[in-house]
Amino acid sequence: MITVFGSINMDLIATTERLPKPGETVAGNDFATAAGGKGANQALAARRAGRYVHMAGAVGKDAFAAEALALLDNAGTDLSLIKHVDGPTGTALILVGGDGENMIAVVPGANGQVTPADAETAIGRMNEGDILMLQLEVPAAAVEGALSAARAKGVTSILNLAPLIPDAPRLGRLADIVIANETEFERLAGQEGMDAQAREAALAHLHAKTGQTLIVTLGADGVIAIRDGAISRAQGLKIEPVDTVGAGDTFCGYFAASLDDGLDFVSALRRAAVAGSLACLKAGAQPSIPLSEEVADRI
């Protein structure tokens, strides 16, 4: 079983010919709303990958709450660990440029009311060998509580170091498996501007020190990882991206689901990388997450 402990948002998405520079206003082409939040996105990805998933988090008592949970509910995700609190549901304001790149501002809303007690409740329903997936869009104290409780219970924890909050390096060292993009990994390693050789050396150094499984996503260049002393690589698909906003979350959810399904580590990386590529072919975070059959066909 997979439990995802994290954020639930409503995404407000505007598309433009190009992303604005600081202080600049550009004309938009289109606007849409879509369910999002890194936690909810990863939960839906794991569910669409075919695994049984609990989502733990919080939504507000506003018009966005039901819409933010609709795709998770329709997919058969267990929502019994989601609490409804006073105030707004979390929102993300997203600009998507013509080349598929994006800029995002996140307003926590109800996500800011997720607590260490919620973490204890979520982990209390898990068993040894289950998988816990976390991100950093809920308070650091809640994430730390979940990681500590997971370790005490023998639950495998996967932490996606996004967004890059000040506590990310400290929290990253508490997880069994860490997933980061290039920028996030540089913060974890305490070294900026890495080339490929420096990145591999930093992976080996951190792994030797902590024993953790470390995964770095590299966009179009695929993924590099280290586990049990061995470096692994995997490639996604060669694509022309429409919207990259859901790619990282899709990778995380599919990776967790693949481990839960018993795939070996390298096969899990490859499946997740292909799923992340497919997520770039549609707009929106959750609407773009592919089904397991689509990923299998492309593999």
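Two strands pair if DSSP finds at least two bridges between them, and strands themselves are DSSP runs (E, at least two residues; helices are H or I, at least four), numbered from the N terminus. With that in hand, welcome to this predicted model, where local features need pLDDT of at least 70, side-chain atom pairs count only at pLDDT 80 or more, and totals for chains, interfaces and linings use all residues. Residues are numbered from 1 along each chain as its sequence is written, and side-chain values use heavy atoms, with hydrogens and water left out.

**Stop one: the sheet.** Select S3, S2, S6 and S7, which form an open sheet in that order with mixed pairing. At its edges you will find S3 and S7 (102-107), each pairing on one side only. Now keep S2 (residues 9-16) and S3: eight bridges join them in the antiparallel sense.

**Stop two: Gly 36.** Pick this residue in S3 (residues 28-36); its bridge partner is Asn 9. Gly 36 is buried, at a relative accessible area of 0% (buried is under 20%, with a 1.4 Å probe and protein chains only). Beyond neighbours within four places in sequence, Gly 36 has contacts that include Ile 8, Asp 11 and Gln 286 (contact means heavy atoms within 4.5 Å).

**Stop three: two helices.** Select H8 (residues 247-260) and H9 (residues 265-279), whose axes lie 8 Å apart at an angle of about 150°. That angle makes the pair roughly antiparallel (over 145 degrees; axes are lines fitted to C-alpha atoms over the stretch in contact, and angles run from 0 to 180 degrees between N-to-C directions). To see the contact, show residues including Phe 251 and Tyr 254 of H8 and Leu 269 and Arg 271 of H9.

Technical notes: Buried means under 20% relative accessible area, exposed over 50%, partly exposed in between (1.4 Å probe, protein chains only). Angles under 35 degrees count as roughly parallel, over 145 as roughly antiparallel, 65 to 115 as roughly perpendicular and the rest as oblique.
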